[in-house]
Amino acid sequence: MKSFDVVIAGGGMVGLALACGLHGCGLRIAIIENHPVTKHFHPQDDFSLRVSAINTASEMLLKKLGVWENLQALRTAPYQGMEVWDQDSFGRIEFSAPKEGFSHLGSIIENNLIREVLWQKCESHSDITFYSSTQIERVVWGENDAFITLNDGEMLTARLVVGADGANSWLRKHADIPLTFWDYEHHALVATIRTEHPHDNVARQVFHGEGILAFLPLSDPYTCSIVWSLPNNLAESYKNAEKKLFERTLGVTFDMRLGQCELISDRMTIPLTGRYARQFAAPRLALLGDAAHTIHPLAGQGVNLGFMDVAELIGEIRRLKAEGKDFGEYLYLRRFERRRKHAAAIMLASMQGFRELFAGNNPVKKLVRDIGLSLADSLPGVKPKLLEQAMGLSDLPEWLSDKNFTSVEKI
């Protein structure tokens, strides 16, 4: 039986980031992941269908973990502007990084690249052990340790087990933590699109009666990743539509903002479900990322919310260890739980409110949202506050906001 201080279930972006952040503080760390990274990036590779809009707060974390430069050496797409508008209406709001004094507002990065650089960083650390191509079969929660049995018969002990094992978390279910969930009754259709006009490093999003369409700029000036939230039946219809018909529908829905659109990838649909665990922690257990919460991709904040879970837990474990306290005790995990439950609840409520406001073409509702967008775009002091929220700068753990660490390039 091998003993560890922290055992992380899940070697996705969130689990790997936690392991990187705990490296070097005298802890024995294990990562259990059934699907190890096997494919490595090539500059000639097609763009992946799954991308994330990494905000400034998450960029700060990735810099602290020592992987941001590695990502930039592969393929990142910083964006300097954002545009949001209501189709066939006057409601719109724009954000510009130069006008606000920043070099960029965020970066669009393929998920597999983030995972690859984090995996490689973890592999380079001697205090991190990988259990690849295996998974947890059984956990017994003891007073001072958790006892873990893997499906290959290996047995481990841990002072803290971390559930970073996704939306259908086995650990969350095993710990009998209740889950509040709701079906958004939408699917996200994702694809890669080549456009007639350059995207100029601007992220764009249009609300239309049936859904929400986002064009996220990639490193090629004429290529975007789209995330199109649509009612389930319509998403499947568009996924299977003839290519030319899909391209025309896409361009018209986007108000031809970037001219003609050409589909250059497969199309994939992902069901959208909101989830909120009743607890983010329990004795010897902490939940992170999708295991604790999932939100609508409306503002692209899902992975950023998960990375801030990671940042908060890194700070708490390091602090508790320095104070000689047992960081696996629920008494001490409750501060992490309170802070992250609050942040997730606010984000979930905000996204739900936005989604309901922008759903449908009711004339009264349309007038209200258009006036709201126009006021937000023009009233002094509103846009900087919205930008602060979007960049994640209002939700930083203390150690990550260390004034001695400069993460945002000022012009």
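This dialogue explains how to read several features of the predicted model above.

Trainee: Which conventions apply to this model?

Mentor: The model is predicted, so to speak of local features a pLDDT of at least 70 is needed, side-chain atom pairs count only at pLDDT 80 or more, and totals for chains, interfaces and linings use all residues. Residues are numbered from 1 along each chain as its sequence is written, and side-chain values use heavy atoms, with hydrogens and water left out.

Trainee: How many residues of helix H2 are buried?

Mentor: Buried means under 20% relative accessible area, exposed means over 50%, and partly exposed lies in between, with a 1.4 Å probe and protein chains only. Helices (H or I, at least four residues) and strands (E, at least two) are DSSP runs numbered from the N terminus. Helix H2, residues 56-64, is mostly covered, with 7 of its 9 residues buried. Among them are Thr56, Glu59, Met60 and Leu62. Contact means heavy atoms within 4.5 Å. The buried residues of H2 pack against strands S3 (51-55) and S7 (106-110) and against helices H3 (68-74), H5 (111-123) and H9 (302-322).

Trainee: Which residue meets glutamate 59 in a salt bridge?

Mentor: A salt bridge is a side-chain nitrogen of Lys or Arg within 4 Å of a carboxyl oxygen of Asp or Glu. By this rule the count comes to 22. The side chain of glutamate 59 meets that of lysine 63, at 3.2 Å from N to O. An α-helix has 3.6 residues a turn, so residues three or four places apart point the same way. Glutamate 59 and lysine 63 are 4 residues apart in helix H2, about one helical turn. Glutamate 59 is buried, at 3% relative accessible area, whereas lysine 63 is partly exposed, at 24%.

Trainee: Where do glutamate 247 and lysine 243 lie?

Mentor: Both lie in helix H8, 4 residues apart, which is about one turn of the helix. Glutamate 247 is buried, with a relative accessible area of 8%, and lysine 243 is partly exposed, with 33%.

Trainee: Which parts does the pair of aspartate 309 and arginine 340 tie together?

Mentor: The two side chains meet in a salt bridge of 2.6 Å, N to O. Aspartate 309 lies in helix H9 and arginine 340 in helix H10 (residues 330-357), so the pair ties together parts that are 31 residues apart in sequence. Aspartate 309 is buried, at 0% relative accessibility, and arginine 340 is buried, at 1%. Elsewhere, Glu83, Arg92, Glu94, Arg204 and Arg257 are linked in a network of salt bridges.

Trainee: What lies over the face of tryptophan 85?

Mentor: A charge sits over a ring if NZ of Lys or CZ of Arg is within 6 Å of the ring centre and within 35 degrees of the ring normal. Arginine 257 lies over the face of tryptophan 85, at 3.8 Å from the ring centre. The charged end of arginine 267 sits over the ring of phenylalanine 246, 4.8 Å from its centre.

Trainee: Is leucine 258 buried or exposed?

Mentor: Leucine 258 is buried, with a relative accessible area of 3%. This residue lies in the loop between helix H8 (243-253) and strand S16 (261-263). Leaving aside neighbours within four places in sequence, leucine 258 is in contact with residues including Thr195, His197, Arg204 and Phe215.
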